[in-house]
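Please look at the sequence and the structure shown below. The report that follows describes how two chains meet.

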Amino acid sequence: MGIDLGTTNSLAAVRAGKGARVLRDLAGEALLPSVVCFHPDGRTIVGRDAKAMRLQVPDRTVFSVKRLVGRSARELEAEAKGLPYRVVAGERDLPRVQIGDHQHSPESISALILHQVKANAEQALGQSVREAVVTVPAWFDDAQRQATKDAAALAGLDCLRILNEPTAAALAYGIDGTKDGTALVYDLGGGTFDVSILRIEDGVFRVLSTAGDTHLGGDDFDELLAQRIHKTLPKTSDPYVLQAVRAAAEGLKIQLSSAESAALDLDLGSHGTTRFTVTRAEFEAAIAPLVQRTLDCVQRAVKDAGLRLDEIDDVVLVGGSTRVPLVRARLQALTGKVPHTGVDPDLAVALGASIQADVLAGNDRSLLLLDVIPLSLGLETLGGAVQKLILRNSTIPTSVTEEFSTGVDNQTAVDLAIYQGERELAKDCRLLGHFKLRGLPALPAGLPRIAVTFLVDADGVLRVTAREQRTGVQASIQIVPSFGLTRDEVRRMMLDSIEHAQTDYVAREAIDVRNKAEAMVRGTQKALALSDLPPDQTYAVQKAVKALAKHLVAGADTATLKAACDELGKLTATIADDVISSAVTKALREEHKP
Amino acid sequence: MIHVPAPDPFTVFGVPRSLDLDARTLERRYLALSRECHPDQLRSQETGDCLAVLARAAEVNDAWRILRDPWQRAKALLESASPGVLDRNKKLDPGFLAEALELAEEVAFARGDTIAPLRARLQQALDEDLVALRDHVGRGDLDAAARRFHASHYHKKALQDLDQKA
Amino acid sequence: MAYSDKVLDHYQNPRNVGSLDKNDPNVGTGVVGAPECGDVMKLQIKVDDSGKIVDAKFKTYGCGSAIASSSLATEWLKGTSVDAAAQIKNTQIVEELSLPPVKIHCSVLAEDAIKAAIEDWKKKQDVAKASGAKA
């Protein structure tokens, strides 16, 4: 399955024959609004119903969480002020969404969205889904990619690959890979902008360069309209008004894609009323500087690819915001090419992701994607400068090895600070984290030769390994990320989500219960074989498993299945503990493997 | 921090150590190697994610980055044929450096109409550098090739500066 | 912050930019380069009969640190003796400008330029002495 985890909407698609199809929910909708509402009555609502709650409980309804992922609270300070929900600084300056007494990490909120996408997909497919390719903006850095991976894990998904959105879209356009040529993919979503230049040849999709802005999208167009509406209203920071004006602005923008002017009557009760009219020309004048920023990125990407604009064969549009007429007109004027609109710009990314998922599952070896790392990686050297290790637009996987030594006798540890960005000084780049090499042999200063290999994998995520050359000792590496979750936190949250899955989420559809029941039957049988319970307990558990299996075969209703699951659950509480703790032990062991 | 050189790109690609490699042939070789080594193609064999597979794929990508660029290819060739040859030949003739300074000055003062002809001159100088470098390598004079390699940097930098003005 | 105020000051208001007549027997010219980054530095000194440096000029194409290093070098050179100038070390420039490690090669370039200029001047003096002796 391929999942497009968007700022505004999310959706899933699967490979179908030579093509791919998007998965729709019971109402026939493909797009799931990326909105989570933590309702005061204790329910957690995701998607369309959550979006409908924006006006009722604005301070408990979280949208555009993708903008928070993999960033620090300090970086988000300015942006958070315009949001109707509260973003506070948590531990290590990580952003947390404050809902009542509870704080939620952006990863866990993204996980709720992914979980709903998964549930809807399972319903549509009639079978459970575990593996998925999840897309991210090409311009996402290491921290944002890692955070997205964590969110997928928290949602119970095995993330096959973090795939760049424009690359995914290119796949959707040239599915059979027979249309050789050079394509420019212009992807303007709700909150992010990406442009990638690809060469397609013999089924190989090779990204030559990418550029973008993770904080530029259709939301910003809405915001500009919202600011104009606010000018006609009394000044306020009331979350209800902020949400209502934002929603109204989005509506106006959509109208302006097909109409020359749009009007709106907004009645905000005690906060006043307004009648607001805006013409397309006014709207276009307001957003023109933002559109120009995207065109600057386009020109840079073309240059980085070592090409001229006239060497681009095809221009592909992706993302809902490319429906804005000014965007299309300006891009066409710049490239001299009529942009392709054959695939729905909202669906292209998910469709492409599903094709890549199929490739990764080993079903299709005719296609191959070669992507690049969007931003350079470097190490801080003395004096606050950054020495580049891996240059942006390098095809991934890519690696580089550097040798370090010690400065003091018997020093057994070395710390490295790793940065991502193009600027010369550390303070202008993003600190991804500290790598602490431990367990070096005690030797006189300067004698150890520690070869550290920095490898960027096919997800665009950095992996570091180190070895002392003289002794061959593998140094252990402890990673302290400056953004996002530590490995311990992810593990803890995954356990929490297993334990609280039932209470946290919206009441599941029948298929979910069925999936769970099936999993329980299989899981319990496995666990029984491994555990040494007393015979009487084993017998009781076996009986409950048989009962549940019988209900499953008979196609029993949800309530019956649930009751049978609960029965079995109670009996297996002790086994579950065993299995979880052994799973944790195993996970810990793997973490310490080099 | 000492850079540990990547494996010799000519060996990774299995091509002769030469500056005269056909660009199209190299590209085909790269695509074929990628199909062989990229973790995505090996994923179904449960080995797609292991470090050895990633490292091999990285080797191929990194070798391609070097071989596709004639200058980086030249650098790799010089270093593999005579390690340290580039470091030993860093001192360039003061006469050449004075010329380089004049060129840089011309770039700094280039305006409007003078930009295009200057760019053409610099591009020609760079092309000549590559021809000369190839000749030196052909004659086995690696020291001269290394000096010419260093000299080309000044032409490249001048071109870059000129492009930034445009 | 990695660039000191002094670097920025010399970069924005470089002292002694320009050229001296390279054919003047009292002028020594040094041109040096760092091929890795394409920096090139020309440094000239004018020496009076007592061996005192009465004027110094430079032209540098390169990064801010290279320009600052050569600008500072010419300031130090003016009014000092050739012998004292020959003792100037790149580490003094690093210290004065608080250059970060990645920019140390800029100070090395300045030291090399000073040495090359002095050498050129000495060569000219030897030639002059030789021809003077003949005459």
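E402(A) stands opposite H3(B), which belongs to strand β1 of chain B. This strand, residues 2-4 of chain B, pairs with β22(A) in the antiparallel sense over 3 bridges; strands pair if DSSP finds at least two bridges between them. Helices (H or I, at least four residues) and strands (E, at least two) are DSSP runs, numbered from the N terminus.

The model is predicted: local features need pLDDT of at least 70, side-chain atom pairs count only at pLDDT 80 or more, and totals for chains, interfaces and linings use all residues. Residues are numbered from 1 along each chain as its sequence is written, chains are lettered from A and ligands numbered from 1 in the order in which they are written, and side-chain values use heavy atoms, without hydrogens and water.

**The interface**

The contact (heavy atoms within 4.5 Å) takes 38 residues from chain A and 28 residues from chain B. The size of an interface is often given as the accessible area lost when the parts come together. Here the buried area is about 2900 Å², and carbon and sulfur atoms give 50% of it; the term stands for the accessible area (1.4 Å probe) that two parts lose on being put together, summed over both. On the side of chain A, R365(A), L368(A) and P397(A) lose the most area to chain B, together 20% of what that side buries.

The rule finds 11 residue pairs in polar contact across the interface, both residues at pLDDT 80 or more. A polar contact is a pair of N or O atoms within 3.5 Å; within protein, one must be able to donate a hydrogen and the other to accept it, and residues adjacent in sequence count only if both atoms are side-chain atoms. Among the elements of chain A that give two or more residues to this side are β12 (158-164), α10 (348-360) and β22 (398-404). β22(A) gives the most, with 7 residues.

**Salt bridges**

Side chains of opposite charge can pair when their charged atoms come close. A salt bridge is a side-chain nitrogen of Lys or Arg within 4 Å of a carboxyl oxygen of Asp or Glu. The whole structure has 51 salt bridges over all chains, and 5 are found across the interface of chain A and chain B. Two examples follow.

| Salt bridge | N to O distance |
|---|---|
| R28(B) and D202(A) | 3.0 Å |
| D304(A) and R392(A) | 2.3 Å |

D304(A) and R392(A) meet in a salt bridge that links distant parts of the chain, 88 residues apart: D304(A) lies in helix α8 (residues 280-304) of chain A, and R392(A) in the loop between β21 and β22 of chain A.
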